[in-house]
Amino acid sequence: MKSVARHARALLAMIAASVVASIMPGARVAHAEEIPRLDSRDPNGDLRVGNPMAMRGPAADAMLEQIAMIEYRQLIADATAQRRLLPQTDARVKHVHDVVDNLMPYALKWNDRSRNWNWEVNLVRAPRVDAYCMPGGKVVVFTGLLDKLHPTDDEMAMLIGHEIAHALRQHARVMVDERMERLNRGTLSAPQLFGIGDFDFDTGEGFPDVRYSADDEREADVIGTEIAARAGFDPRAALGFWQRVESLDRRMPVELAAAHPITAGRLDDLRRRQPDMLALYAKATRRPVDSLPAYHARLN
Ligand SMILES: [Zn+2]
């Protein structure tokens, strides 16, 4: 496991260096392992690796996907080594795969590059109540989510839609920018840019603080619910699901709630947009809106 982690770190260091080289022509890159440090004494001191304005454009998009892929591979290798990776033949993996397959056609319009994404779905046995979709279409669901929330099909589609929306809109870029800056300053030793690649599956130790902005959360709610409603999943499950996560979080710390803070504003937004989303769902399932059956929200 450790050699996998070391290998991934070396690769990430190389990528971080090449990001600097490709995006900032003025930056000097010596060796793959040496992340250039641009401080006030540097002639190029006005350039900073973490400058959010610098991480834009097709080259940066490709880099972000490449970094995500390397960290995803590391996560899968670690899970495999610890016998925590569920086989692709497992019914739970197939279920999440089916949800992703259903959502995918409606996701493309939100990110042109996603047409060429090689989507992957993996389930890892760990107590975390958590799921991610990284840029490039790399989905991971931790079994704690299934064991503690038992999401319905509609709820799973709303969650995966939300996670896919973060990936499509590249919300992780802000976190990557910030970690690149820390790498550049030398205050981050292991270049875990997304940070899901090297942590203790049981205790969660080493898992970084992944958190999106309130605006990003609302955008992921809107886009995720829209994608899932068009794919024929009941959008009323979005509000119900996040309320259940919030309720569980009151009884025990839930990783999903920490990464995606559930604010009154988010829940109000979901409520307010429900009529529009229901219209999409009705159209997708070829029914008039007023003939949709009542929705019975699950209780925890
Ligand atoms: Zn979110």
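**Helix H6 and the overall architecture of the predicted chain**

The model is predicted, and the values reported here are computed from it. Several positions of H6 are buried, namely Ala172, Val176, Asp177, Arg179, Met180, Leu183 and Asn184. An α-helix has 3.6 residues a turn, so residues three or four places apart point the same way.

At the level of the whole protein chain, the secondary structure amounts to ten helices and three strands. Read from the N terminus, the elements follow the order α-α-α-β-β-β-α-α-α-α-α-α-α. Of the 300 residues in the protein chain, 41% are buried. When contacts between residues at least 6 apart in sequence are considered, 68% join residues at least 24 apart.

The mean pLDDT is 82, and 77% of the residues reach 70 or more. Strand S1 (residues 120–124) has the highest confidence, at 98, whereas helix H1 (residues 2–23) has the lowest, at a mean of 55. Over residues 20–54, pLDDT stays under 50, and for this segment the model has 56 contacts beyond four places in sequence. Where pLDDT is low, the predicted coordinates should not be read in detail.

How values were computed
Residues are numbered from 1 along each chain as its sequence is written. This is a predicted model: local features need pLDDT of at least 70, side-chain atom pairs count only at pLDDT 80 or more; totals for chains, interfaces and linings use all residues. A residue is buried if 20 or more other C-beta atoms lie within 10 Å of its own, exposed if 12 or fewer, and partly exposed in between; C-beta atoms are placed from the backbone. Helices (H or I, at least four residues) and strands (E, at least two) are DSSP runs, numbered from the N terminus. Two residues are in contact if their C-beta atoms, placed from the backbone, lie within 7 Å. pLDDT is the predictor's confidence in each residue, from 0 to 100.
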